[in-house]
Amino acid sequence: MSRGFDLYERKVDASNLSTVGSYNTATLGTGVRFGVPITEFDTVNYGLAFERTSIGLLVDTPQRYIDFVKQFGADADSYLGSVGWARDKRDSVISTTKGTVQRVSAEIGLPGGDLTYYKASYQHQWYHPITRDVVFATNGQIGYAGGYGNKPLPFFKV
């Protein structure tokens with residue numbers, strides 16, 4: 001069994017990303033997470049967290065983002081719940097040469113916070129040795145997200 005404590009500050013300046021509208025966020029957060037092995041290869045993870053996010057709009061911020069801030073405010077408090085499952089059948093976590101990793105995870109902005117949304121994702125990684133020193137690796141990921149409680153998915157949580 002594992003337990004982790006998180007205390008973090010995250011700053012994002014999306015004006016440097018050509019595919020995303022211009023904005024910036026500053027987030028402070030804290031949380032606790034647990035991992036419970038259920039077989040030799042499978043682990044279930046879950047956790048709770050609190051985040052406070054401040055959104056900054058810029059001159060060329062898209063109207064959709066401006067409308068979100070007008071409706072919900074530039075500062076948001078979030079209570080987050082997370083749950084996941086992982087199956088790790090790699091030969092080594094550090095120097096992987098063969099095997100697979102699968103992960104399913106979900107995050108939800110819990111009622112009581114300013115942001116109510118959900119995110120779910122699935123990831124699959126495959127490693128195959130080509131030669132003694134070369135490993136072929138693939139990584140695929142798919143996800144789905146949305147808002148609930150008459151609130152949209154926050155644009156900065158995609």
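## Chat about the pocket, helix and core

Modeller: Let's start with the largest pocket of this predicted model: 42 residues line it, and R33, S82, S105, A106 and E107 are the ones nearest its centre.

Colleague: Nice. How much space lies in that largest pocket?

Modeller: About 930 Å³.

Colleague: And which strands supply at least two residues each of its lining?

Modeller: β1 (2-13), β2, β3, β4, β5 and β6 (117-129) each do that. The biggest giver to the lining is β2, with 8 residues.

Colleague: Let me step back for a second. What does the secondary structure of the chain come to?

Modeller: The chain has 1 helix and 7 strands. Reading from the N terminus, the order is β-β-β-α-β-β-β-β.

Colleague: What box do the C-alpha atoms fill?

Modeller: Roughly 55 × 35 × 25 Å, taken along the principal axes. Of the 158 residues in the chain, 28% are buried. As for contacts between residues at least 6 apart in sequence, 55% of them join residues at least 24 apart.

Colleague: OK, on to the helix. Which residues of α1 are buried?

Modeller: α1 covers residues 63-72, and its buried residues are Y65, F68 and V69. They sit on the same side of α1, because the arc they cover around the axis is only 95°.

Colleague: Got it. What do the buried residues of α1 pack against?

Modeller: Two strands, β2 (23-37) and β3 (42-57). On the face turned away from the buried side you'll find the exposed residues R64, K70 and Q71.

Colleague: And what follows α1?

Modeller: G73, with a positive phi near 95°.

Colleague: Which residues make up the largest nonpolar core?

Modeller: There are 12 of them: A14, Y23, I55, Y65, F68, V69, A76, L80, L115, Y117, F155 and F156. α1 gives the most, with 3 residues.

Colleague: Which side chain does E51 join in a polar contact?

Modeller: That of K157, at 2.8 Å. Leaving out neighbours within four places in sequence, the residues in contact with E51 include Y8, R10, T27, A76, D77 and L80, as well as K157. A76 and L80 also belong to the largest nonpolar core.

Colleague: How about R90, where does R90 lie?

Modeller: In the loop between β4 and β5 (99-109). R90 has a relative accessible area of 19%, so R90 counts as buried, the cut-off being under 20%.

Colleague: What does R90 pair up with?

Modeller: The side chains of R90 and D88 are joined by a polar contact of 2.6 Å. Not counting residues up to four places away in sequence, R90 also touches T96, K98, G99, T100, V101, R103 and Y127.

Colleague: Great, thanks for walking me through it!

Key. Residues numbered from 1 in each chain as written. Predicted model: local features only at pLDDT ≥ 70, side-chain atom pairs only at ≥ 80, totals over all residues. Heavy atoms only, no water. Buried < 20%, exposed > 50% of the residue type's maximum accessible area, 1.4 Å probe, protein only. Helix = DSSP H or I, 4+ residues; strand = E, 2+ residues; numbered from the N terminus. Arc of directions from axis to C-beta. Contact = heavy atoms within 4.5 Å. Core = buried A, V, L, I, M, F, W, Y, C linked by side-chain atoms within 4.5 Å. Polar contact = N/O pair within 3.5 Å; in protein donor to acceptor, adjacent residues only side chain to side chain. 1 Å grid on protein atoms, 1.4 Å probe; cavity = no way out; pocket = protein on both sides within 12 Å on 5 of 7 lines; lining within 4 Å. Points joined across faces, edges and corners; volume = space filled by probe spheres on them.
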